[in-house]
Amino acid sequence: MYEQFFKHFTEKVSLSEQEMEYVKGLLKPKKLRRKQYLLQEGDVCREIGFVEKGALRAYSVDEGGTERIIQFALEGWLIADLYSFLTAEAATYSIDAIEDAELLLISRSAHEELLRNLPQYETYTRLSITNAYIAMQRRITSIISTTPEDRYADFIAKYPQIAQRVPQHMIASYIGLTPETLSRVRKRMAGK
Amino acid sequence: MHTKQTIALIGAAGNRGAALARNLARGNYRILLFAHGCDNLDELVQDIRTQVATADVEPITCSTDACWEADIIILSIAADGYAEVAETIRPVANQKVVVTMADAGAQGADPVALLQNLLPHAKVVAAFTVVSAAQLQAAFAGGPKPEVQVTGTDTDALQTAAELVQVAGCIPVGMGMQAIATN
């Protein structure tokens, strides 16, 4: 239930048995079935989700009803509407499960308690956010300065696991293409 | 709140548990019904679905899975069964709101303290402790709303329990409930 969490945690910082037990007591284990929401737009995001098993996505829906996926999360990843989590304002993203999932949820109060009492958690959080920031910079660069072919190739190279597990229309949404454009891109690439 | 919360109702075969499940089915909840050694929950589920068209309710055969999926756990069983249930749900109850419906007077010991001791990382709260199945049924049918005492120490748990009480057609009373009810 905590395997992935402590694997990722202890890759960054070390924890004693006693500290692990303390952390476990502050995490909420939660199973989500496919298509169920962790968060719906308009609600306050009260928890950060760590994915032990399964796949989730965070997305917004535009006025025309089109879903824009901003993040996928597989095993070992964190997912939340961070702005809503930190400010307690309404979330602008929805988060749901693409596959049946097992999560560990960290509430705002648990997050603050861990930041106060466990220096390793602060380090873990800082490194996680730094990595996410770098990934986001690269994602923006990819979207604003490369061709659809390059964007798709980048995605496949960077996230081969996601490409295998997630439907094509979601990948199209994530890299900012329509499903039709992605289909043409894939055909062109296959023909090369 | 738009995001549907999942409730695990342990002890759903009893009169009070079944009545509460029916009342809560009107709310924005997904309800998983569990009863130890009981296989006739399908009938209850069908009955709830007939009476509440929008009900999202299903029977589940494993209490651990029910509570793992749940955001809120409701125990509609006698307090002397808590130790046994706690063994199966302890790992998945951490940080969750756990509602005890056991009556303190009948058991001699405070069920909240007993349960909190068994589930040290859960947020235990008491509600629906003395409300009867008949009162819940009357409230469901639009009759008088019974007052339901909500007690506990965790603010989140009190808030969650007060919402459950209101959705169930009752009036939450107790420390701080007035503030919550008018929110």
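Student: How do you know how many contacts in chain B join residues at least 24 apart?
Tutor: Two residues are in contact if their C-beta atoms, placed from the backbone, lie within 7 Å. Among chain B contacts between residues at least 6 apart in sequence, 69% join residues at least 24 apart. A word on the source: this is a predicted model, where local features need pLDDT of at least 70 and side-chain atom pairs count only at pLDDT 80 or more, while totals for chains, interfaces and linings use all residues. Residues are numbered from 1 along each chain as its sequence is written, and chains are lettered from A and ligands numbered from 1 in the order in which they are written.

Student: What is the phi of Lys35(A)?
Tutor: Lys35(A) has a positive phi of about 75°, although it is not a glycine. Phe128(B) also has a positive phi, of about 55°, and is not a glycine. Most residues other than glycine have a negative phi.

Student: How many residues does the contact take from chain A and from chain B?
Tutor: Chain A gives 15 residues and chain B gives 12.
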